Amino acid sequence: MIPLVDLQAQHERIRDEVEAAALRVLRSGRYASGPEVEAFEQEFARHCGTAHAVGVNSGTSALQVALTAAGVGAGDEVITVPFTFVATVEAIRQTGADVRFVDVEPRSLTMDPAALEQAVTRRTRAIVPVHLYGQPADMDPILEFARRHRLIVAEDAAQAHGARYRQQRTGGLGNLGCFSFYPTKNLSAAGEGGIVVTDDPELDRGARRLRSWGAADACGHGAPGGNYRMDELQAAILRVKLQHLDWWTRARQAVARRYDALLARIVETPAVMPYAAHAYNVYAIRSPRRDAIRDALRAAGVETAVHYPVPIHLQPPYADLGYGSGAFEQAERAAREVLSLPIYPELSEDGQGEVVNAARQAAGAAS
Ligand SMILES: *Cc1c(COP(=O)(O)O)cnc(C)c1O
């Protein structure tokens with residue numbers, strides 16, 4: 001059986017370092033808001049090329065805290081895409097703001113910058129582009145549009161640790177960058193985690209206050225907030241794993257290149273845009289016969305997933321946004337056609353060969 005991701009294989013290779021870091025925290029008696037979180041924040045900011053980073057307890061919290069720190073709230077509108085994980089949209093809603101969607105561009109499946117003009121209103125306050133599957137959205141035209149309309153840009157980089165847009169790391173491109181360390185992400189905690197990165201000292205201060213009950217210092221509570229804190233155990237483990245991220249990214253890219261070559265004539269392989277260094281959190285092929293291919297792969301012992309089967313605007317909790325079927329043609333077509341294959345740095349060539357053989361047979365049988 002070939003799994004979609006294999007975290008045991010990851011742990012096996014870095015076990016001593018990770019377990020030593022965890023033990024260090026357990027024995028320190030310091031479990032929250034301590035030196036590990038502080039050190040990880042500095043190390044992750046350096047990795048992204050930003051001045052600041054604020055560790056939080058999930059990617060969803062990162063998005064919510066980032067937008068709230070930027071002043072987004074009730075009465076504002078935030079523009080994002082309907083073809084994403086539901087957390088992108090739910091985090092926007094948790095700030096009190098209203099969500100407006102624009103469609104994705106059909107090749108990259110990321111935000112179509114040309115669609116922004118129709119979605120902007122006097123109430124628009126921010127844009128949340130999603131670096132879907134690990135490929136950066138086309139940030140130059142998005143940032144240009146945001147400057148022209150004086151909008152905040154908060155990147156949803158939850159799937160894009162280690163990716164680059166024109167040489168620059170994701171997260172540091174907009175006003176704020178938001179990452180998740182959920183176990184399936186390219187850099188993952190042994191549990192939950194997230195982080196907000198920014199160059200802006202005001203946004204850094206705002207995010208820091210919000211993650212911990214609005215406290216500006218030990219006793220003052222100058223602003224609203226909640227408990228969105230990262231814990232020391234996760235930070236210590238993430239510090240170890242961050243040192244491996246670059247080679248993991250290169251290994252993912254090598255796996256993707258092999259899939260590209262082996263699958264090119266069978267299915268539509270993922271497009272890599274000229275501006276992108278793709279980090280391949282997800283390797284998603286496309287085929288109109290997706291469901292048949294998926295069934296055949298399952299029968300052959302290959303685990304797959306669909307990221308994502310229903311665009312957000314067609315999910316019941318978001319019906320009140322007023323977008324019906326047909327509103328976002330590219331997102332809806334992608335939802336019918338994408339299929340995520342196993343990808344992780346430790347996936348062997350033999351394992352990949354099994355996936356490809358099964359896909360080849362499945363595509364043949366399904367045609
Ligand atoms: C995983 C993910 C999130 C949410 O991160 P959590 O840590 O699970 O809260 C948000 N956006 C995208 C695109 C994601 O993939």
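Let me begin with Q352, which at 1% relative accessibility counts as buried, because the cut-off for that word is under 20%. Please keep in mind throughout that this is a predicted model. Q352 sits in helix α12, which covers residues 349-366, and once its neighbours within four places in sequence are left aside, the residues in contact with Q352 are V255, R258, Y259 and L347.

Now to the division of the chain. Domain 1 is made of two stretches, 7-102 and 110-242, while domain 2 covers 245-366, and the centres of the two domains, taken over C-alpha atoms, are 25 Å apart. To the contact between them, domain 1 contributes 39 residues and domain 2 contributes 35 residues.

How much area is buried between domain 1 and domain 2? The value is about 3,200 Å², and carbon and sulfur atoms give 59% of that area. On the side of domain 1, the residues that lose the most area to domain 2 are F83, Y133 and N186, which together account for 24% of what that side buries.

As for polar features, between domain 1 and domain 2 there are 21 residue pairs in polar contact, counting pairs with both residues at pLDDT 80 or more. The elements that each supply at least two residues of the side of domain 1 that touches domain 2 are α1 (7-28), α4 (86-94), β3 (98-101), β6 (164-165) and α8 (232-242). By residue class, that side of domain 1 divides into 18 nonpolar, eleven polar and ten charged residues. The number of salt bridges between the two domains is two. As a separate detail, R93 and D320 form a salt bridge in which the closest N and O atoms are 2.8 Å apart.

Let me stay with α4 for a moment, and ask which of its residues are buried. They are A87, T88, V89, A91 and I92, and these buried residues pack against α3 (59-69), β2 (77-80), β3 and β5 (152-156). Just after α4 comes G96, with a positive phi of about 100 degrees.

The salt bridges in the model come to 22. In the pair D246 and R169, the side chains meet at 3.5 Å, N to O, and the pair links distant parts of the chain, with D246 in helix α9 (residues 245-263) and R169 in strand β7 (residues 168-169), 77 residues apart.

D98 and R123 form another salt bridge, with the closest N and O atoms 3.1 Å apart. D98 lies in strand β3, and R123 lies 25 residues away in the loop between α5 (116-119) and β4 (124-127). Here D98 is partly exposed at a relative accessible area of 35%, and R123 counts as partly exposed at 37% relative accessibility.

A local example is D295 with R298, whose side chains meet in a salt bridge at 3.3 Å, N to O. Both residues lie in helix α10 (residues 290-299), three residues apart, which is about one turn of the helix. In an α-helix there are 3.6 residues a turn, so residues three or four places apart point the same way. D295 itself counts as partly exposed, at 46% relative accessibility.

Finally, salt bridges also join into a network, one that links R24, E36, E43 and R239.

Note on methods. Residues are numbered from 1 along each chain as its sequence is written. This is a predicted model: local features need pLDDT of at least 70, side-chain atom pairs count only at pLDDT 80 or more; totals for chains, interfaces and linings use all residues. Side-chain values use heavy atoms; hydrogens and water are left out. Domain bounds come from an automatic or database domain assignment. Contact means heavy atoms within 4.5 Å. Buried area is the accessible area (1.4 Å probe) that two parts lose on being put together, summed over both. A salt bridge is a side-chain nitrogen of Lys or Arg within 4 Å of a carboxyl oxygen of Asp or Glu. A polar contact is a pair of N or O atoms within 3.5 Å; within protein, one must be able to donate a hydrogen and the other to accept it, and residues adjacent in sequence count only if both atoms are side-chain atoms. Helices (H or I, at least four residues) and strands (E, at least two) are DSSP runs, numbered from the N terminus. Ala, Val, Leu, Ile, Met, Phe, Trp, Tyr, Cys and Pro count as nonpolar, Asp, Glu, Lys and Arg as charged, and the others, Gly among them, as polar. Buried means under 20% relative accessible area, exposed over 50%, partly exposed in between (1.4 Å probe, protein chains only).
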